[in-house]
Structure formats: C-alpha cells, structure tokens
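Welcome! Please take a look at the sequence and the 3D structure below, and then walk through a few of the features with me.

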Amino acid sequence: MAFDGITIASIVKELKDTLTGGRIYKIAQPENDELLLTVKTADGGQRRLLLSASASLPLVYLTEGNKPSPMTAPGFCMLLRKHLQNGRITDITQPGLERIIHLHIEHLNEMGDLCRKRLVVEIMGKHSNIIFVNDDDLIIDSIKHISGMVSSVREVLPGRPYFVPNTQDKENPLSADFDSFRAALTAGNMPTYKALYGHYTGISPVMAQEICHRAGVDGDCSTALFTSLPAGEKGLEALYQAFSGIMEQIREGDFQPVIAYENGTPVEFAPLPLSIYSLLSEGERDVKGGFHTKAFDSISRVLEQYYAERSTVTRIRQKSADLRRIVQTALERNVKKYDLQLRQMKDTEKKDKYRIYGELLNTYGYEVETGAKSMEALNYYTGEMITIPLDPLLSPSENAKKYFDKYGKLKRTYEALSTLTAQVKEEIDHLESVQAALDIALREEDLAQIKEELIESGYVRRKGGNKKVKFTSKPFHYINRDGFHIYVGKNNYQNDELTFKFATGGDWWFHTKGIPGSHVVVKTEGAQLPDSTFEDAARLAAYYSKARGQDKVEIDYLEKKNVKKPNGSKPGFVVYYTNYSMMIDSDISGLTLLES
C-alpha cells in the first residue's frame, strides 16, 4: 500500500500518544537519508523513532531495533545534536491529510533562552525529505538540499522559507461535505476509485477501493453513472457515507492497523481494516484465493513487520538468482531433449506394422507375381485385408527381410528410448521439485541445502574441496486447531528425512498428485485424525507446491508405512500404490506456524 495521508495520520496519533512530553536523548544518522532518534518518554521509558527520507522506501515508525552509526556523524546530524539534544517534544502534528509530519520541539539555547523548532518529515516518494525549521518558518538545514536547478517549485536550502508546495490542487477530505463530494465525483468521466484518490489528498488507490467496497459500489465503474442512472443518486449517497465514516475514524483517531496476506505473503498494509481482503472472524478461513488479514495494536509494528517480511522475500530472491538460473537452464535443456525423444518414440510406433508385413510376406509371398508393387493379404491378427507395399526389384522373401530389418531397427530404438525418456523425465521432475523448493525458501540456510543437492546432482561445482556441509534449516512445523502437529519439508533432502526417518508407520503422508511439491507429514501419536486435520494437511501440501494459489488441487494421502523409496532414486522421489485423494484449495490461513 502507498504511504498515504491516512497512514500518516495513524502514525501521528501513535507518536503523539507515545512521545509527547518526551526528551530527545540521542540523535543518530545511520544512513545518508535516515535519522534514528532515541526519546526518553514522559512515563520514564525509552523509545526509538526511525525517520527515513529514502527515495525508494521513505518510512516513519517506532522501533525496538538499533542501527550502527558511522564513526563520524554527518553535518546534519551534528547540527540537530547542537540544537535538539535534550529538547522536549511538545507536539506532533499533520497538516490536513498531507504526507507530512511536524515534530514540535522546544529547547534551551546557549544563552539559556527557550527556543522552539520543528523537524518536518515529508514522505513523498523520491521527493521525501527531513527539514529542520525555526519558529519563523525559515529552513535551518535539511537532510537533502534541493536547489532551484533541481526544482522550480520549491528550494530546500538553509535560509529559504519553508512551505508545503501545492502542486496537485487536491482538496482536504477531512473538510468535505456532501455537496463538494458530489461535485468532485460527478465532474468528469473516470473510474470511481480514481476520482476519489485523484480529487482528495491523502487517499491512496487501495483506500479508494476500500471506500467503494464499503459502499457496495464497483470502484471501476464510471462516475458518469451517478448522474445518468436512476440508482446513481443512491450509489453516490452510499459512497459518501462510507467516505465520511472513514474520515470520522481519522478525526477520532480510531485506527485498527492490519496487514493483508495472500497465501502467506504480505501484499498490503493499512491503518484501517480492509474489507476488500474479506476480513473474517477469528478462526474462519478466507475462501477468496487465500487472502487473510492480521490485526495489530500499532501502526509501527505493522510497518516494521510488513517491510521486514517483504525485504526478506526480496533478499532471498536475489540470493537464489544464480541457483534459479542454473536450474532453469538445465530444465529447459532436458525438456527439449525429452520432446525430441518423444517425437522419435512416436516414429517407432510403425515397428509392429513392419513386423506384420514381413510375417504376411513369408506366409503369402508365393502368390506374389514377379515385379508386383503391392500385395493384398489377410491380416490374421485382425481379420482384415491389408495392402503391403513392395519393391518390384526384390523378391517376396527379400521384401520380407527388408521389413524385418526395419522392425528390428525401430524395436532397438524403442527399447533405448524407453530407458532414456524415463531417465530424462525423472530428471525433469527432480529439477521442477528443486524449483518448488527455491520458491518456498525463506532463509539463506534453506538455500544452502538446495545448493548442496545441486552439487550432488552435478549441476554446481563445489568450491573449496570436499568440505562437509552442516545444515541448520528445519522443516516447517505447523499446529492446527485440532492440536495435531504437521511438518512440511522445504526441499528434497528434508522430504526424505521427514518421510523415512522422522515419520512413523502410523503417521499420515500427503503430496500433490503429479505436481512438484513438499512432503507433508501429520504426527498422529496413535490418535485418529478428524476430517479437518486431513483437510489442513492437504492444504499445506497444495500451498507448498507448484499449485499454490489454485482453487482446486488434487492431493494424494496415505499412511506413511505405504510410502516406499526405490533404490538409487533421486532425493525426494517416492512411490506408492494404495492411496486416497481429495480436491482442496491452498489457503493455510487457519494454521499456526511454530517453526520454520
């Protein structure tokens, strides 16, 4: 979600409640565009406030973590220490619903006189900045200097006046009434949600869609329908009620921050509940494509966790890029080889026809006239008459030998290809299972085990000799509402370990049918599994597979004692012959992850 004005309002409310009256104890600048303030709060506690003006990821939130600072503090940091060290935060405000936070601070100067300053944090994408302003609205300094050559709208330099540039001509939604709302929504012809965030400041596209959803209005429908359809007036009134309801929540500071997940991956955050992600009561499953939301008591916790989880996914994707490329290249090469072998295999289907031609020529060849180009004969296998092409320069027996030679050659080709295609198909399945393992890897130790598998398979050369690798990655460990413990292998080594060393004969084993994925084991401890546990385990098997996100996935399940591993087979490969099957979705929101 965009860091919009409503999110800023939620942050301001939290900071106001937490930091007002506190004294700035430490000021650090861990990055060129980032500050970390340590504040001794009025209740005797200590909090850290992160202020980032990063062009790619500007943020403001309270954090428990600390960051190392450079040995020599930057000039802006030293200036703030000179003026604001031990300064008291008197107020924290936001102008309208702008993406701007004002930290009002009072301190004593060198003469002992009380002075008031403001630290202004502007969260505006690549234009984000942290600006130090005096009580006359003159800029003392800023973490980024913006000259007139860079921006014709506003210079951000020491001595220049500070003001909020009005470049978008948007209205403040907190002061909107129904008449102005009607005028804004009926002024043009565009999707309704675009009209909302395009006309009012501080509203992101996601929150605009949320307003439409709460009103029961399709956000993509044109605003022209509000004036052209008889029901348009009712739709407009419902939209205004939803809009004003959210504005009232903002005015009252009634924020309920959430993170929305899709199949376990964070996709959005918001300071208010998102009904567009089908919020359900505790314990219920979201049936819409694996979406669910998690509520938090602090917008700072939401921001810290959301971006931490997102950055983890991004970092692991980057670190696994080389392995993915190796696997993808090998997979493409094997798929091409397999397709060629299948085409060659199809050509061998003629072999039995040539054998029959040879047999019939040996049986009825005495009837063939010299120089004949074909022969009609009864196929005693089918009872039908067939025509056999002949070489007129050869005798019947020589024609028969020619067909038997063709049959023998195709038979040998078929036998060789049968073995080769089975080997190549096994290699394709193995590489696809490695791809699936890369997709679910969350940590570097997960990647280490996958890399070792690729080394053992000959796709990656081991560096530094034959060093023994110690693995710390463990299978996913879930517990469901019935209290059963369910384990999921993260890669083929873990799948083998889980199935053949950890699980006992009476435990239940799950896997997607014909699709690469993880082995899933339910520890029964001798108990009978309820249907809900079978379904939970099947959902985990669907989620941790190439079928993740599909509404219907076929899952095979059986007791572990019936799962076998052929001698010499690749890691993760098993066979079984007696199993049950079910169709299930891949939503695991009802399960609790204990260990990963």
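A salt bridge is a side-chain nitrogen of Lys or Arg within 4 Å of a carboxyl oxygen of Asp or Glu. With that in hand, we can say that Arg-88, Glu-106 and Arg-116 are linked in a network of salt bridges. This is a predicted model, where local features need pLDDT of at least 70 and side-chain atom pairs count only at pLDDT 80 or more, while totals for chains, interfaces and linings use all residues. Residues are numbered from 1 along each chain as its sequence is written, and side-chain values use heavy atoms, with hydrogens and water left out.

**Salt bridges across the chain**

- The structure holds 31 salt bridges.
- One of them joins the side chains of Glu-34 and Lys-67, at 2.8 Å from N to O. This pair links distant parts of the chain, 33 residues apart: Glu-34 lies in strand S2 (residues 34–40) and Lys-67 in the loop between strand S4 (59–63) and helix H2 (75–84). (Helices are DSSP runs of H or I with at least four residues, strands are runs of E with at least two, and both are numbered from the N terminus.)
- Glu-34 counts as buried because its relative accessibility is 6%, whereas Lys-67 is partly exposed at 36%. (Buried means under 20% relative accessible area, exposed over 50%, and partly exposed in between, with a 1.4 Å probe and protein chains only.)
- Asp-446 and Lys-490 also meet through their side chains in a salt bridge, at 3.3 Å from N to O. Here Asp-446 sits in helix H12 (residues 444–456) and Lys-490 in the loop between strand S16 (485–488) and helix H13 (492–502), 44 residues apart. Both Asp-446 and Lys-490 are buried.

**Helix H1**

- Helix H1 (residues 5–19) has 15 residues and reaches 20 Å from its first C-alpha to its last, close to the expected 21 Å. (The expected span is 1.5 Å times one less than the number of residues.)
- How many of the 15 residues of H1 are buried? The count is 11, so H1 is mostly covered under the cut-off for buried, under 20%.
- Among the buried residues of H1 are Gly-5, Ile-6, Glu-14 and Leu-19.
- After H1 comes Gly-21, with a positive phi near 90°.

**A lysine in a loop**

- Lys-350 is found in the loop between helix H9 (321–347) and helix H10 (351–364).
- Lys-350 counts as partly exposed because its relative accessible area is 43%.
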